[in-house]
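Let's take a friendly walk through this model, one piece at a time. Keep the structure open as you read, and turn to each part as it comes up.

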Amino acid sequence: MTTLTLSKALNAGLRKALENDPKVLIMGEDVGKLGGVFRVTDGLQKDFGEARVIDTPLAESGIVGTAIGLALRGYRPVCEIQFDGFVYPAADQIISQLAKMRYRSRGHVSLPIVIRIPFGGGIGAVEHHSESPEVIFAHTAGLRVVACADAADAFAMIQQSISSDDPVIFFEPKRRYWDKGEVDTVAGVRRALPFDQAKTVLDGTDVTLLTYGPTVRTGLEAALAARQDGRGIEVLDLRSLSPLDMDTICASVRKTGRCVVAHEAPVYAGLGAEIAARVTEQCFYHLEAPVLRVGGFATPYPPSRLEDHYLPDLDRILDAVDRTFGY
Amino acid sequence: MTVESGTATTAAQPAPEMPDQAGEFIQLLTPEGERIDHPEYPLELDAADIRAMYRDLVLVRRIDTEAIALQRQGELGIWASLLGQEAAQIGSARALEPADMVFPTYREHGVAWCRGIDPMRLLELYRGVSHGGWDPEEHKFHLYTIVIGSQTLHATGYAMGIQRDGADEAVIAYFGDGATSQGDVNEAFVFASVFNAPIVFFCQNNQWAISAPLEKQSRVPLYQRARGFGFPGVRVDGNDVLACYAVTKKAMRAAREGQGPTLIEAFTYRMGAHTTTDDPTRYRLASELEMWKLRDPIERVRAYLVRTGLAEPDFFADIDAEAKQIGARVREACRTMPDPPPLAIFDHVYTESNPMPSILRAEREHYAAYLDSFESEENEASSR
């Protein structure tokens, strides 16, 4: 076991992927000499060369579009989109091309491409650097959408995503890049949980808290605080946002009878809405209360001096938990 | 032919610039069927090659004409005609090596023909039976791309892959004059240029992007755009199959030899509507069409073959007979083409090397049961 920050764990996972498969490429803005603005690709160009770790022109659609061409040629590109709010220029290539190519070709074409996106707020950034666009991609059939929340998962899930023959939108919780965790860099990924499964990060009996990415830590802190009040919150890290692991979700909700979903993205038409509908349908007779949601407001992301109000924190999660006991 | 509606007269744009004079575009065969030599583009074709190209031109036009008729009869949802662009497509496609990769738009029926795609694969797309569905690597012909310009980036990425493989291959990306306004096409130019990718950008300037004339896309001739990106641009008579062949051959060779991209502007004309749903009389003059009829890409080859004695009358009769046969086959195959089974909706969303995601599987099972419920009702009704 090695103690690594989430960012270093991603770096180690990318390095493994580059070592294990000569077809793996990394491409994006500033990923080479600089190592990326968050240093996730630090040192990789030096060790694997400019043909495999490609500093691209500054054009997101160009990055994803050429990655599609490279994948058609047999490569496995890992694209970095520098910030969440910069993915929209590439949305056409992702939604109309990347997601649909297997379907359009009746299975003849695989596009094993990973698009890494640092997402979410909490770092005091300027506009367009704190967004949570995951539901746009979860709504797009043909994509797999995952989010890692800790260093161990970052290491394993990035490698699993690169091995996937389906395109993967890989969300990285940018305000957790510097969080440290224990990572088994020797065992490899074969023993890791499949990347399309949710995991229980804290057992509890009274209410299920479903979350992912940066709010997993927030949820854990809320659960520890609730424990002091004698309330057992079971915290699930969804990990896979599309497809959703409804089996794990429903098993927990049937046990606890209550469910809260927390994410930074706006609550309105967010992933929580889909989960609430499915949990209600599949766990109706086990529910003691409606599924409640905590998250961003139906506003654009605010200036960063206000982001602490916008982001679901420990108190807002506990407030929702309290409300599920009011029914 | 006269202009049929008053609106066409007022809405029509001035006729496009006609670069007919020597030096304004590369031409090896005049509209009258006379061969011209060009010092930079020697023609590496013998009589048999030219006869084969004539056959290609006639047959793809026949398939196209048949498809338009099938749409009018309700057998196709829509059709995007290549009428007028046969020479640009056949000339460029016949200049490719078998290993070269093609990235088409949705109008490259002539190129598809040269890459061995069964015309029925194209018709089934426009009939709504599939989204394409051929194996691009088998034919070295990527799927039709409908979003304008997107494929130029795929083509560029593919060319970057060829570079990494050290292969003696190149890529050709097809697109139209309207596409040159798209961000993706300009990004493709940037990527191809800075990475010196082995790619030829083949722009069929057919003068019209649905109703928008070229002057709504560009203030400079399109081939001159290349200079700003740092690679050569050349304009060719897009209705001259021999010139399109020679210019493409040279550019592809340069790409394979590591000289980077070339932009070819094939100056041609969309003789028909944008698609079968379009009505060009609303935006262009009949006189423009008449002018372009005199530049027909097929007639000039026929005139050349006749004048030089490179083909006997039997040759033309045989090809006309073959065209008739293909037309009949296309007609019959289209009319009898079955719809896919309903549950095919759920196929190939994700890789089949993993189990189908449970949410999708549940939808499939639910819908299958729903469909079955009708069948069992029918069975009950018929057994009563």
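## Strand β4 of chain A and its partners

In this predicted model, Glu80(A) has Arg116(A) of β5(A) as its bridge partner. The two strands involved, β4(A) and β5 (residues 114-119) of chain A, pair in the parallel sense over three bridges. β4(A) also pairs with strand β2 (residues 24-28) of chain A: five bridges join them, and they too run parallel. Within that pairing, Ile26(A) stands opposite Val78(A) in β4(A).

How many of the residues of β4(A) are buried? Five of its five residues, 76-80, are buried, and the strand is mostly covered. Arg76(A), Val78(A) and Glu80(A) point one way from β4(A), while Pro77(A) and Cys79(A) point the other way.

## A five-stranded sheet in chain A

Further along chain A, five strands form an open sheet with mixed pairing, in the order β9-β11-β10-β13-β14. Its edge strands are β9 (199-202) and β14 (292-296) of chain A, each of which pairs on one side only. On average, neighbouring strands of this sheet are turned by 25 degrees against each other, direction ignored.

Inside the sheet, strand β10 (residues 207-211) of chain A and strand β11 (residues 233-237) of chain A run parallel and are joined by five bridges. Look for Thr211(A), which stands opposite Asp237(A) in β11(A). Helix α10 (residues 271-282) of chain A lies across β10, β13 (259-266) and β14 of chain A. Its direction is at about 160 degrees to β13(A).

## A buried strand in chain B

Now switch to chain B and find strand β2 (residues 171-176). Why is β2(B) described as largely enclosed by the rest of the structure? Six of its six residues are buried, so the rest of the structure largely encloses it. Val171(B), Ala173(B) and Phe175(B) point one way from β2(B), with Ile172(B), Tyr174(B) and Gly176(B) pointing the other way.

β2(B) has parallel partners. Strand β1 (residues 101-103) of chain B is joined to β2(B) by three bridges, and Val102(B) stands opposite Ile172(B). Six bridges join β2(B) to strand β3 (residues 199-205) of chain B, where Val171(B) stands opposite Ile199(B). Together with helix α8 (residues 183-194) of chain B, β2(B) and β3(B) make a right-handed β-α-β unit.

## Two helices that cross in chain B

Two packed helices are described by the angle between their axes and the distance between the axes. For helix α2 (residues 47-72) of chain B and helix α13 (residues 313-335) of chain B, the axes come within 9 Å and cross at roughly 35 degrees. The crossing of α2(B) past α13(B) is right-handed.

Which residues make the contact? From α2(B) they include Arg51(B), Val58(B), Leu59(B), Ile63(B), Glu66(B) and Leu70(B). From α13(B) they include Phe315(B), Ile319(B), Ala323(B), Ile326(B), Val330(B) and Cys334(B).

## The domains of chain B

Finally, step back to view chain B as a whole. Its domain assignment gives domain 1 (6-335) and domain 2 (345-383). The centres of domain 1 and domain 2 of chain B, taken over C-alpha atoms, are separated by 42 Å.

Conventions. Residues numbered from 1 in each chain as written. Chains lettered and ligands numbered in written order. Predicted model: local features only at pLDDT ≥ 70, side-chain atom pairs only at ≥ 80, totals over all residues. Domains from an automatic or database assignment. Pairing = 2+ DSSP bridges. Helix = DSSP H or I, 4+ residues; strand = E, 2+ residues; numbered from the N terminus. Axes fitted to C-alpha atoms, helices over the stretch in contact; angles between N-to-C directions. Contact = placed C-beta atoms within 7 Å. Buried ≥ 20, exposed ≤ 12 C-beta atoms within 10 Å, placed from the backbone. Right-handed = clockwise from strand over helix to strand, strands pointing away. Left-handed = near helix turned anticlockwise from the far one by under 90°.
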